[in-house]
Each structure stands twice: as structure tokens, then as C-alpha cells.
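Reader: Please take a close look at the aromatic rings. What sits over them, and how do they pair?

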Amino acid sequence: MEPITSVAKFIREKDDFVIVCHYDADGLSAGALAALGLEHLGKEYGIFPTRQIDDERVEKIKDKGRNFLFVDLGSGQLSVLEKNFNSFAVIDHHETLERTVHPHFNAHLVGWDGAKEISGAGCVYEVFKKILPQFVEFSPLAIVGALGDMQDSTGKLIGRNKEIVEEGIKAGVLEVKRDIRLFGRHSRPLVQFLAYSSEPIFPGLTGNEEECKNFLTEIGISWRDNGPIYYVDLTHAQKKRLVTALYIYGKKHFLPEHLLRTLVGEVYELSREKPKTPLKDAREFSTLLNACGRHEEGEIGIKVCMGDRGEYYHKAELLLQRHRRLLREGIEFAVKKGLEETQYLFVLDAGKHVKDTLIGVIAGMLYGAQLATEDKPIIAFALDDSGMLKASGRATWLLVRRGVHLGKAMREAAERVGGTGGGHNIAAGARIKPEDREEFLEAVSYTHLRAHETRHDLVCRLLLE
């Protein structure tokens with residue numbers, strides 16, 4: 001039986017579900033899609049967002065229901081699931097070598113690249129659309145998940161993601177435009193839109209509202225009127241003038257060309273959401289969900305995904321404000337501390353200065369902050385509340401095209417020191433003991449030296465396909 005069919009059959013035939021989803025934007029979107037699907041089928045369910053699957057979390061959820069649906073995680077923990085759960089199915093997009101007799105739909109099992117062609121939320125969407133053809137109305141959540149996993153980092157969505165976008169457009173629930181891709185097109189007044197830009201960081205503008213006002217004035221764009229002006233209020237000619245000015249400014253301040261090339265690209269809007277809210281733009285929606293999940297409030301994000309625009313949405317907005325502030329503080333810490341550069345990696349050790357739930361997001365922003373060049377991966381460390389060391393790896397598509405595979409790197413290096421790890425080729429994570437930090441990095445570097453003798457221009461065997 002085909003993987004997607006086996007999971008669909010499991011869902012049709014069972015009831016009393018526990019949905020276990022990852023706590024990031026993609027995971028929460030996936031969890032919400034699963035919940036919406038089960039509701040439409042009249043099934044009972046509960047939801048449990050989590051950072052990872054380990055013994056502690058297994059004990060918390062194993063008695064919460066009869067049938068378990070793991071979404072945006074599970075493919076790399078099949079042996080753990082088989083040991084602890086009698087009835088479960090997995091919907092995931094992370095690469096794995098594990099196999100199971102239980103229903104298991106993974107993007108890679110059907111030839112889709114789970115790192116850039118479809119997200120965990122997209123995979124859940126595919127399963128429930130097979131059961132419920134009308135499920136296309138929830139296609140925006142699949143796109144929110146994909147953007148949360150940075151699958152548009154080349155400037156647009158591709159592969160199965162693109163097809164889901166087209167389905168959403170046809171259903172009247174999604175719109176696609178070619179526009180600037182900075183955060184806050186709908187949700188931030190124009191000055192703050194520029195001043196709070198962090199991907200990329202514009203030296204002299206980011207963090208300086210007065211300079212942003214001067215910049216806008218110099219290019220002839222009014223930044224105040226009877227009320228706040230937002231980017232989406234600008235005319236087409238004004239938007240074009242602003243983008244051109246930012247490109248020239250970036251070149252003048254030596255921003256990498258790959259960052260400037262993706263300044264403009266496809267943006268995805270949810271047709272049914274109100275303008276000038278974080279939910280109108282799919283990228284901003286994903287950031288709102290990240291704020292919920294990474295601050296241990298994943299249930300709030302799921303409620304918003306499922307339609308709440310009152311109490312839970314207000315709570316999510318407050319979490320978003322806190323999230324953005326902590327990200328700014330994290331980048332400021334990284335700028336002050338600086339990165340350690342080895343022959344093959346950039347390394348940031350944040351200790352307790354950055355929440356372990358945010359260290360991966362910070363790592364991904366270090367390229368845009370010009371603290372790291374795109375020719376080496378980044379590994380960032382932070383201590384979690386239990387005293388374990390969270391390692392987050394980020395790469396660029398340039399590195400991926402050269403053969404870098406961080407998911408394999410983090411998994412194999414972590415396992416070598418008794419930890420756990422995994423993920424995608426461009427982004428991955430691991431959890432190890434603090435005392436194993438150097439051995440963990442040495443495990444990557446040592447193997448790299450061996451690979452470099454036989455295959456030039458690659459980072460290390462652990463990082464290779």
C-alpha cells in the first residue's frame with residue numbers, strides 16, 4: 001500500500017487520537033491541519049506540541065489516547081515509537097533511514113525533497129486532502145508551514161509547495177505577488193518596517209529609526225500622515241523606488257549579493273485575513289507561530305491556526321512582540337561576542353544568553369547579520385533548562401549545492417558522543433552533553449579532513465549526501 005494511502009486508511013478507521021507535533025511554525029501548522037481534518041471527520045482528538053520525542057515526553061503522552069498521529073516529527077524516531085506505542089502513524093518530511101510496519105508517510109518516500117519542496121504541514125495537507133477533497137480551503141496553513149521552514153529562501157516556493165499554492169489560488173484562499181520580502185509589510189508602520197529589519201540587517205538603518213526617517217525622506221517617501229503609513233499603503237512607484245534605494249544602499253554597505261538578490265521575490269497572502277495584521281502575510285503568520293511554539297505556548301498558535309481571532313490571537317500577538325525583542329537581543333549578543341571561525345565552520349556559543357528554543361532561529365539570522373560568510377555552515381550552542389547543550393546548525397543553498405547535508409552531520413556527530421540529532425540538509429539540530437562539545441565539533445572536523453583528500457570543495461563526509 002502506498003505510504004499516503006496507508007496513513008489515510010489509519011485515520012479513517014481509528015478514533016480517539018493524540019496529535020503529537022513539533023513546536024515550530026511548521027509543526028504547529030501541521031498539528032492544526034491534522035486537528036481540522038479530524039474535526040471534519042468527527043473524530044475525537046487531543047494535541048501535544050513538543051520539542052522532540054524522548055523518554056520523558058513519551059511518558060507524558062502515552063496514556064492520553066488510543067491512537068497516535070505524529071506530524072512533522074517521528075520519521076527519525078520510529079524505533080522509539082514502536083517500543084512505546086501500539087497504534088500510531090507518522091506524517092513527516094525529515095529524511096530518515098528507519099522503516100516501520102506502521103503507517104508512515106514521508107515526503108522522501110514518494111520522491112519529494114522535504115527540505116525545499118514540501119514541509120511537514122504540506123505532508124499533512126496531502127494526507128487529509130486525499131480523504132477530504134474540500135480540504136483545499138486549508139492550503140494556506142501548508143504554505144505557512146513551508147515558509148516557517150524557510151523553504152522559500154531562494155526567493156519563491158518550488159516543487160509540491162508551488163502546486164499547493166496554485167490549488168489555494170484556485171480555491172480563492174491564497175494570493176501570490178512579487179514584492180519585497182522583508183518582515184512587516186502588513187503589520188509594521190513604514191519606519192519600524194525598515195528599522196526592525198533583521199533578514200538582512202542594513203548597517204546604519206536596522207535599529208535606528210531616525211536614520212530610517214532620513215532615508216525615506218531622502219528618497220521622497222512620506223513616512224507620516226494623519227496616521228501611520230505601512231509598506232502596503234505605498235503606490236507601486238513608491239515601492240519600486242524604495243526597493244531600488246535599499247538595493248543600492250546594501251551594495252554600498254557590502255551586503256552579500258545573494259541576500260540582495262532575494263530582497264524581492266514571491267510573497268504569499270491569505271485572502272481571507274484582514275490587511276495590516278500578522279496573519280495576512282504567510283511569512284509573518286509563520287513568525288507568529290514560531291513565537292508561540294518557541295516560548296512553550298504551542299497550543300496558542302494552534303488555536304490561531306484553527307480560526308481563533310480573539311483571546312488566543314491577542315496572546316499570540318504579545319508572544320510575537322516578546323519573540324522579536326529576544327531575537328534582536330540574541331543578534332546583539334552575537335555581534336558583541338563574535339563567532340569562532342574554524343577551518344570548516346562558524347561557531348557561536350551562547351550558553352544561557354540565548355534561549356535554547358531560539359538558538360536555531362538566531363543561527364539562521366547570522367548570515368543576514370554579516371557575521372558569517374555563506375561558504376561555511378554555522379553551528380550555534382545554547383544550554384537548555386536541564387543542563388544539556390542544544391546545537392543548531394544552519395547552512396546556505398550554496399553549501400547544499402556543494403554537497404552539505406547538515407541533517408546527517410548533526411545526527412552522526414551527536415550519536416558519536418552519545419547524543420541525538422538530525423534534520424534537513426540546510427538546517428538541523430542536536431542535543432549533547434556540555435562536556436562533549438569539543439568532541440562533537442572535532443567529530444565533524446576530523447571526518448571533514450579525510451573527505452577533503454578525495455572530494456574537493458565539500459565541507460565534510462558527515463555533511464555530504
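Author: The charged end of arginine 294 sits over the ring of tyrosine 23, 5.2 Å from its centre (Lys NZ or Arg CZ within 6 Å of the centre and within 35 degrees of the normal). Phenylalanine 183 has arginine 324 over its face, 4.2 Å from the ring centre.

The model is predicted, with local features needing pLDDT of at least 70 and side-chain atom pairs 80 or more, while totals for chains, interfaces and linings use all residues. Numbering starts from 1 along each chain as its sequence is written, and side-chain values use heavy atoms, without hydrogens or water.

Aromatic pairs number 13 (centres within 6.5 Å; planes under 30 degrees stacked, over 60 edge-to-face, the rest tilted). Phenylalanine 10 is buried at 7% relative accessible area (buried is under 20%). Phenylalanine 17 is buried too, at 1%.

Phenylalanine 70 and phenylalanine 85 are also edge-to-face: 5.4 Å between centres, 65 degrees between planes. This pair links distant parts of the chain, 15 residues apart. Phenylalanine 70 belongs to strand E3, and phenylalanine 85 to the loop between helix H4 (78-84) and E4 (DSSP runs: helices at least four residues, strands at least two). Phenylalanine 70 is buried, at 0% relative accessibility. Phenylalanine 85 is buried at 2%. Both belong to one aromatic cluster: Phe68, Phe70, Phe85 and Phe88.

Strand E3 sits in an open, parallel sheet of five strands, ordered E2-E1-E3-E4-E5 (pairing takes at least two DSSP bridges). E2 (45-50) and E5 (104-106) each have a single partner strand, so one side of each lacks a neighbour in the sheet.

Methods. Phe/Tyr/Trp six-rings, centres within 6.5 Å; stacked < 30°, edge-to-face > 60°. Buried < 20%, exposed > 50% of the residue type's maximum accessible area, 1.4 Å probe, protein only.
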